[in-house]
Amino acid sequence: MNRITRRSLLAGGVTAAVAALGGAATAAGRRFGLVPPDAEGVFAAGNTLSYAAHRLFGRNALAREFPRSLIAAKPFANKISAPTEAFARHEAEHFANWRLDVRGLVDTPAPLSVDTLRRMEVRSQITSVNCEEGWSYVAEWIGTPLSTVLKACGMRASAKYVVYFADDGWWDSIDIDEAMHPQTLVTWGMNGGLLPVPFGGPIRMRVPRQLGYKSVKFIDRLLVTDSVADLKISTSVRSYAWYSGI
Ligand SMILES: Nc1nc2c(c(=O)[nH]1)N[C@H]1C(S)=C(S)[C@@H](COP(=O)(O)O)O[C@H]1N2
Ligand SMILES: [Mo]
């Protein structure tokens with residue numbers, strides 16, 4: 001069965017289930033974790049269906065991995081905001097003092113350097129960055145699984161979301177399923193070398209199961225939390241859907 005057919009079948013099934021539940025659907029959906037934090041206003045129904053279908057049927061599904069031969073010769077770095085003065089200073093020091101600060105619902109909050117991350121675990125995967133505007137490219141991404149980082153910091157059982165913040169004012173968040181997924185990578189390398197600045201260096205969150213905008217570049221802080229809706233911190237780009245499974 002091809003992907004589109006399978007996905008529309010899934011969406012159809014969820015539509016029927018939601019219709020059958022009637023007025024109780026939203027309450028029940030929230031109770032079972034099937035309603036995304038941005039399920040409000042004009043996107044409510046679509047966002048909820050897409051998120052619910054993925055959570056019910058695709059919790060452990062893997063993003064496609066590509067053979068080395070399909071790595072893009074000239075990967076396209078999206079236009080980025082001018083780095084801050086502080087960022088420029090870090091770049092001049094080759095990011096020796098750059099830290100990823102892990103805070104929130106963890107027993108041992110820690111500022112992690114690239115070297116510390118590298119000592120925890122090294123994974124590499126060849127996946128695609130897909131922009132919502134239509135273009136994409138394949139690259140090898142090297143880093144430390146976010147799940148390993150969270151375990152090392154003693155993530156508490158009450159954790160429901162991970163928010164990640166960038167130096168240029170971007171941030172985004174994912175739920176714990178996505179955070180613990182083996183392909184969600186705290187990325188510090190690309191195509192055999194360190195991660196170049198235009199592609200998000202020194203540290204980028206790669207979330208290959210979702211659209212490119214969830215893969216925030218230049219991250220320096222992780223916040224483990226049990227809610228993003230109340231804090232209005234789910235994402236910096238509020239015109240995009242919070243959940244964008246591909
Ligand atoms: N910090 C930061 N991260 C970001 C962006 C940005 O402007 N700033 N753009 C996002 C968007 S919309 C996409 S599609 C991808 C593009 O990745 P690329 O620059 O590697 O092509 O990065 C995402 N991460
Ligand atoms: Mo994008």
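## Briefing: one chain, one ligand

The accessible surface of the chain comes to about 12,300 Å², with 57% of that belonging to carbon and sulfur atoms; accessible areas come from the Shrake-Rupley method with a 1.4 Å probe, and for residues only the protein chains shown count as cover. This is a predicted model, where local features need pLDDT of at least 70, side-chain atom pairs count only at pLDDT 80 or more, and totals for chains, interfaces and linings use all residues. Side-chain values use heavy atoms, with hydrogens and water left out; residues are numbered from 1 along each chain as its sequence is written, while chains are lettered from A and ligands numbered from 1 in the order in which they are written.

**The chain overall**

- You'll find 7 helices and 10 strands in the chain, taken as DSSP runs (H or I of at least four residues for helices, E of at least two for strands) and numbered from the N terminus.
- Of the 246 residues, 46% count as buried, meaning under 20% relative accessible area; exposed is over 50%, and partly exposed is in between (1.4 Å probe, protein chains only).
- Look at contacts with a separation of 6 or more, and 69% of them come from residues 24 or more positions apart; a contact here means heavy atoms within 4.5 Å.

**Around ligand 1**

- The ligand has 20 residues around it, and F76, N78, Y137, D168 and K217 come nearest; a residue is near if one of its heavy atoms lies within 4 Å.
- By class, that shell has 13 nonpolar, 3 polar and 4 charged residues. Ala, Val, Leu, Ile, Met, Phe, Trp, Tyr, Cys and Pro count as nonpolar, Asp, Glu, Lys and Arg as charged, and the others, Gly among them, as polar.
- On the nitrogen side, a ligand atom sits 3.0 Å from a polar backbone atom of S215.
- On its own, ligand 1 has 530 Å² of accessible area, and the protein covers 97% of it.

- Strand β5 (residues 161–166) pairs with β6 in the antiparallel sense over 5 bridges; two strands pair if DSSP finds at least two bridges between them.
- Across that pairing, V162 stands opposite I174 in β6.
- The hairpin has 4 residues between its strands, and G169 takes a positive phi near 95 degrees there.
- Strand β6 (residues 171–175) is largely enclosed by the rest of the structure, because 4 of its 5 residues are buried.
- S173 belongs to β6 and is buried, at 0% relative accessibility.
- The S173 side chain makes a polar contact with the side chain of W242 at 2.7 Å. A polar contact is a pair of N or O atoms within 3.5 Å; within protein, one must be able to donate a hydrogen and the other to accept it, and residues adjacent in sequence count only if both atoms are side-chain atoms.

- N191, in the loop between β7 (185–190) and β8, has a positive phi near 45 degrees despite being a residue other than glycine. N191 is partly exposed, with a relative accessible area of 36%.
- G201 and P202 are joined by a cis peptide bond, with omega about 10 degrees. P202 is in the loop between β8 (193–194) and β9 (204–206).
- F218 isn't a glycine either, yet its phi is positive, at about 55 degrees. F218 lies in the loop between β9 and β10 (219–225) and counts as buried at 4% relative accessibility.
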